[in-house]
Amino acid sequence: ALTVSNSLVADNGAIGISLFPTGSVTAVFDHVETDNNGASGIQVDGASSAGTNTIDATASESVAAGNVVSGFVITTSTGNAPVNLMVFHSVSANNGFGVSANGPVATLLLSNSAVSATTHSWNASTGGVLDSYGDNYINGSGTNTGSLTPVNKQ
C-alpha cells in the first residue's frame with residue numbers, strides 16, 4: 001500500500017506523482033497538491049502490471065492545477081492490470097485535461113469534485129470509463145472526449 005498525504009509536488013518537468021507498479025497495489029493520495037508540472041499531476045499507470053493484478057487508488061481533498069497534460073489520469077491496456085481511481089472532494093483546474101481514463105480496463109470515478117478552466121474537462125479514450133456520481137462542478141472547458149457516465153450513490 002502507498003499513502004501520500006499533506007504534500008506539495010510542483011514545478012517538475014514531467015509528472016508530479018507517477019504510480020507505475022509491477023504488481024497489485026492500493027494507494028491513497030490525501031491532501032496532495034500537484035501544481036505546474038510538465039506532464040500530469042497524479043498519474044496511475046497499469047502498463048507494467050500483469051492483468052492478474054489490480055491497481056486501486058483514491059485521491060481525496062487534493063488539488064491538481066496548472067499541469068500541462070492532465071490533472072488526474074489513469075492508463076492501462078489490454079492484458080495489463082485494471083486501474084481504478086476514485087477522485088473525491090478534489091479540484092482539477094487549469095490543466096490540459098481535468099480528468100482522463102485511457103484503456104479498456106481503466107475506470108475513474110468522480111465524486112463531489114470540481115473541474116474548471118481546463119482545455120478539456122475530461123478524456124475517456126480507448127475504452128476508458130469516467131463515472132460521475134452527479135455531484136460534481138464542471139465548467140469553463142473546451143471539447144471533451146468520450147462520455148461522463150452517471151452512476152448512483154449508495
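Guide: Gladly. Note that this is a predicted model.

Visitor: Why is Thr-76 called buried?

Guide: Its relative accessibility is 6%. Buried means under 20%. Therefore Thr-76 counts as buried.

Visitor: Where does Thr-76 lie?

Guide: Thr-76 sits in the loop between E7 and strand E8 (83–88). Its contacts include Gly-46, Val-83, Asn-102 and Pro-104.

Visitor: What makes the pair Thr-76 and Ala-81 a polar contact?

Guide: A polar atom of the Thr-76 side chain lies 2.7 Å from the backbone oxygen of Ala-81. The cut-off is 3.5 Å. The pair is within it.

Visitor: How do you know that strand E10 pairs with E7?

Guide: Pairing needs at least two bridges. Five join E7 (residues 70–75) to E10, and the strands run parallel.

Visitor: What makes E10 and E13 a pair?

Guide: Five bridges again, in the parallel sense. Asn-102 has Ser-125 in E13 as its bridge partner. Strand E10 (residues 97–102) is also mostly covered, with five of its six residues buried.

Visitor: Why is the pair Asp-135 and Lys-153 called a salt bridge?

Guide: The closest N and O atoms are 3.0 Å apart. The limit is 4 Å, so the pair qualifies. A search of the whole structure finds one salt bridge.

Note on methods
Residues are numbered from 1 along each chain as its sequence is written. This is a predicted model: local features need pLDDT of at least 70, side-chain atom pairs count only at pLDDT 80 or more; totals for chains, interfaces and linings use all residues. Side-chain values use heavy atoms; hydrogens and water are left out. Buried means under 20% relative accessible area, exposed over 50%, partly exposed in between (1.4 Å probe, protein chains only). Helices (H or I, at least four residues) and strands (E, at least two) are DSSP runs, numbered from the N terminus. A polar contact is a pair of N or O atoms within 3.5 Å; within protein, one must be able to donate a hydrogen and the other to accept it, and residues adjacent in sequence count only if both atoms are side-chain atoms. Contact means heavy atoms within 4.5 Å. A salt bridge is a side-chain nitrogen of Lys or Arg within 4 Å of a carboxyl oxygen of Asp or Glu. Lists of a residue's contacts leave out its neighbours within four places in sequence.
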